[in-house]
Amino acid sequence: MNSNKLISFVQRAQAPTPPFFKKLRNIGLVLAATGGAIMANAADLPAVATTIAGYLTLAGSITGAISQLTITTTDDNPKTADEV
């Protein structure tokens, strides 16, 4: 049962992503990269800037991951998570 869930997860990650979520994924990647760049230069910045950079990195990573796992179904009956 556990290996079926892993295979299902991999198939879902490789499935086509809707155009809106592709744009959202790219925005998430930009946010994560911006946050990472700010955190890399943390020595010259105030603490509030590094805190905001951490939140940007977290938000961008989560947005990118969830957007990548969103799939398009072609039939009229959308599949549940157990059926994918």
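## Thr57 in helix α3

Thr57 is part of helix α3; helices here are DSSP runs of H or I with at least four residues, strands are runs of E with at least two, and both are numbered from the N terminus. The model is predicted, so local features need pLDDT of at least 70 and side-chain atom pairs count only at pLDDT 80 or more, while totals for chains, interfaces and linings use all residues. Residues are numbered from 1 along each chain as its sequence is written, and side-chain values use heavy atoms, with hydrogens and water left out.

With a relative accessible area of 18%, Thr57 is buried (buried is under 20%, exposed over 50%, partly exposed in between, for a 1.4 Å probe and protein chains only). Apart from neighbours within four places in sequence, Thr57 contacts Leu31, Ala32, Gly35, Gly36 and Met39, a contact being heavy atoms within 4.5 Å.

## Packing of α2 and α3

Helix α2 spans residues 19–40 and helix α3 residues 47–68; they pack at about 155 degrees, and their axes are 7 Å apart. Axes are lines fitted to C-alpha atoms, for helices over the stretch in contact, and angles between N-to-C directions run from 0 to 180 degrees. The two helices are therefore roughly antiparallel (over 145 degrees; under 35 is roughly parallel, 65 to 115 roughly perpendicular, the rest oblique).

The contact involves Phe21, Leu24, Arg25, Gly28, Leu29, Leu31, Ala32, Thr34, Gly35, Gly36, Ile38 and Met39 from α2, and from α3 Ala49, Thr50, Ala53, Gly54, Leu56, Thr57, Gly60, Ser61, Thr63, Gly64, Ser67 and Gln68. By class, the contact of α2 with α3 comprises ten nonpolar, 13 polar and one charged residues; Ala, Val, Leu, Ile, Met, Phe, Trp, Tyr, Cys and Pro count as nonpolar, Asp, Glu, Lys and Arg as charged, and the others, Gly among them, as polar.

## The aromatic pair

One aromatic pair is found in a search of the whole structure. Phe20 and Phe21 form this pair, which is edge-to-face, at 5.2 Å centre to centre and 80 degrees between the planes. Rings of Phe, Tyr and Trp (its six-membered ring) pair if their centres lie within 6.5 Å; planes over 60 degrees apart are edge-to-face, under 30 stacked, and the rest tilted.

Phe20 is exposed, at 56% relative accessibility, whereas Phe21 is partly exposed at 26%.

## The chain overall

The chain has three helices and zero strands, in the order α-α-α along the sequence. Of its 84 residues, 15% are buried. Among contacts in the chain with a separation of 6 or more, 70% are between residues 24 or more positions apart.
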